[in-house]
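Subject: Structure handover and notes

Hello,

Please find the structure below, followed by notes on what was found in it. Keep it open while you read.

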Amino acid sequence: MQKNQELFFNVLKFDWPTEALEFHFYEDEIPGAERIYHTVVPDEIKEQFPNLGTQSQEHIYTTFTVAHEGSVSVSLNLGKSKYSYAKRYFNWLIRNHFLSKDDTLIRSTFISDTNVWIPASNQPYTDFTVYEKYTLKVQIKQFSGYPEILLSFDGRSKVFKKPANELVHSVSAAAFNWVKYEGAIQRWKHLQHSEKEIDNAEVFPVLNADIEGAMGYPYEPVRPTNKYSEYLDLIVKFYKQYINVEDFKKVIDLHKSGFIKVKPTSIDYTSEESNELLFGNGNTEKVPYTGIKLHKPYKKSPHSAVNLFYIFHEDDYQTVKDLDSRFKNGFGFFKGLERFAKIMFHTQEGFSIRFKDRENPTEQIEEILTKRTFDPAIQYIAVYITPFGKFDTNKQHREIYYQVKELLLKRNITSQAIDPAKMEEQGDDWVYSLPNISIAMLAKLNGIPWQLKQTEQSELIVGIGAFLHKEENIQYIGSSFSFTNHGRFNRFEYFMKNEIDVLAGSIADSVRQYAAAHGEPSRLIIHFYKTMSRKEIEPIQHELKNLGLDIPVFIITINKTESRDILAFDKKWNGRMPMSGTFINLGAKQYLLFNSTRYATSLPKAKDGYPFPVKLKIDCTDKEELKDTKVIKNLIEQVYQFSRMYWKSVRQQNLPVTIKYPEMVAQIAPHFQSNDIPEYGKTNLWFL
């Protein structure tokens, strides 16, 4: 089905050099040379270095077209030589060009893409200079028959106006990471280990989370905007100011055609049916909020008796009264938990917990919980009025949030946290949070807000997401298991990144449970947060073999495309965001998938957001399966549909919950003191 779109990539093409160039190589490192791995070295010069590629010599060095004494020189036609070396040369040209300019900073990533920082036109801070960051990534013949530059906007960073030797009196130098020095963005630790003398009065740290926390800077929420139009405006500005100008074109022979158009033959669309969600009484809608409002949830909580109680600091008593009234009687357009989300609840007099110690409430909360009698015939849900949110700059304050979650899960109680400061700050506008809170609470009470409209298939879907805890420098991975393709999950786990065998065993257990209940699955589908290595897939195959199962295992790598990556824009629509369900074949079984609320019959509202696409890479243990275009489209549609099953909000998301939910689990669970998720928490959506 063809849509009225005209798509183009954030990619520019340029010409090869018109003649062969003289390049220079060295066996040993010299100042200013770049190290090159032997597989990147052009074949034309390998005979000059007979030991290259052996254990004794894996690298040589190059100064590209700049000659130095002792070089081995060779004339190369880059268009007919190794593309990997050509990419390095073009990157070197681009980096040197921007290093020569007074109004730009270069981040010192010597062998990778060129990261350029320019001062933002808007400078609202007295303590910082705000920089806009752009990346120029060289690629060869990805979307044309030419070398190309993928131009991306990477957000903004703040650089202190106060130098390191003064700032260190306010925050430990251990918090410093990237710093501005001598026209470049460099690593603080690399500078300090440098043999040359460093003037710390000329070193200006870049603001990061560690410095923010140490200095008590308040969390600045990101306001929802149309990221597409803003992103495109910024890269077009950079293109006009720095790329499509004579001094750059003397270095890189840029084509006049501008950004590369997406070939119509590489564009396809998910089916119209994949947009449909099921709500109450079998009614369908595309937009979650519309479906809930018109038709009520797909399935109410199965618990016949639900008791809601509050946990709050004594200063927040009025907030609790206001919130209880809104849950029961409604507030503005929101008509209450029962009318909006079919949550019929009772609040028992005197059952709520009022604590006194704001700084350390968990001891008092646990003491009261221990004395409470919980009726096994009743499902309890706690509403925690948190004095400190997840984004509080004080680490000890943040930990309280997690401790309360864990205390409740140990008693088979799910919970919903609410920030009273946000309620007060937003006033009547806080009503817009109530639909999201209601949906999350319904899901935590085992109700089903909405479901995918799908014919059930015999398959098991496993989602694996990750979260890097910067304070510990440990990456945790979470996994979610779905026994159906309707988008509902039955179990969550989390592991440390190196526990691959444990993860494989967990997946095998889920396959075994599925087979016992439903028969042998026809296939196993794994949604993974990064490209899955052979080391990671082999234990899973081994476990399946032990089960006597010979089924294809599909691995779909699902990456966010927030920065430094390929995007596409619609020239025919002012909002620039391609229609929801559009996917583009990028080659090599990679795809760009767009999930949003922009449909052929309706446009997105500002509150829906403008999510960037996800980048997919599809692989399979049975390579024959990858030749079937119907199979590929079915797998892409499944990712698309799972992005619509996010029950923390009534708004469309771009990341499928197969990745998003495990990431949320991996973000929270390591904070638990027991170093594991209580058993009840492995089958409940407590983390929403």
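Which residue takes a positive phi in the hairpin of β11 and β12? The residue is Glu-182, with a phi near 50°, and the hairpin has 2 residues between its strands. Before the rest, some ground rules. This is a predicted model, in which local features need pLDDT of at least 70 and side-chain atom pairs count only at pLDDT 80 or more, while totals for chains, interfaces and linings use all residues. Residues are numbered from 1 along each chain as its sequence is written, and side-chain values use heavy atoms, with hydrogens and water left out. Helices (H or I, at least four residues) and strands (E, at least two) are DSSP runs, numbered from the N terminus.

The sheet with the hairpin

Strands of a sheet pair through backbone hydrogen bonds, either parallel or antiparallel. Here, two strands pair if DSSP finds at least two bridges between them.

Strand β11 (residues 178–181) pairs with strand β12 (residues 184–187) in the antiparallel sense over 4 bridges. Within that pair, Val-179 stands opposite Gln-186 in β12. Strand β11 is also joined to β13 by 2 bridges, and these two run antiparallel. On that side, the bridge partner of Val-179 is Pro-205 in β13. Elsewhere in the sheet, strand β7 (residues 105–107) and strand β8 (residues 114–119) run antiparallel and are joined by 3 bridges. Ile-106 stands opposite Val-116 in β8.

Angles run from 0 to 180 degrees between N-to-C directions, and axes are lines fitted to C-alpha atoms, for helices over the stretch in contact. Contact means heavy atoms within 4.5 Å.

A sheet of 4 strands

Another open sheet has 4 strands in the order β4-β5-β3-β6, with antiparallel pairing. Its edges are β4 (34–37) and β6 (72–76); each has a single partner strand, so one side of each is left without a neighbour in the sheet. On average, neighbouring strands of this sheet are turned by 40° against each other, direction ignored. Strand β3 (residues 21–26) pairs with strand β5 (residues 59–64) in the antiparallel sense over 3 bridges, and His-24 stands opposite Phe-64 in β5.

A pair of helices

Helix α11 (residues 362–371) and helix α12 (residues 395–409) pack at an angle of about 10°, with their axes 10 Å apart. The two are therefore roughly parallel to each other (angles under 35 degrees count as roughly parallel, over 145 as roughly antiparallel, 65 to 115 as roughly perpendicular and the rest as oblique). On the α11 side, the contact is made by Thr-362, Ile-365, Glu-366 and Leu-369, and on the α12 side by Ile-400, Gln-403, Val-404, Leu-407 and Leu-408.

Salt bridges

Side chains of opposite charge can pair when their charged atoms come close. A salt bridge is a side-chain nitrogen of Lys or Arg within 4 Å of a carboxyl oxygen of Asp or Glu. A search of the whole structure finds 26 of them. For the residues below, buried means under 20% relative accessible area, exposed over 50%, and partly exposed in between (1.4 Å probe, protein chains only).

- Asp-324 and Lys-328 meet at 2.9 Å, N to O. Both lie in helix α9 (residues 317–329), 4 residues apart, about one turn of the helix. Asp-324 is buried at 15%, whereas Lys-328 is partly exposed at 45%.
- Lys-615 and Asp-565 meet at 3.2 Å, N to O. The pair links distant parts of the chain, 50 residues apart: Lys-615 is in strand β30 (residues 614–620), and Asp-565 is in the loop between β26 (553–560) and β27 (568–570). Both residues are buried.
- Asp-676 and Lys-682 meet at 3.6 Å, N to O. Asp-676 is partly exposed at 34%, while Lys-682 is buried at 8%.

Regards
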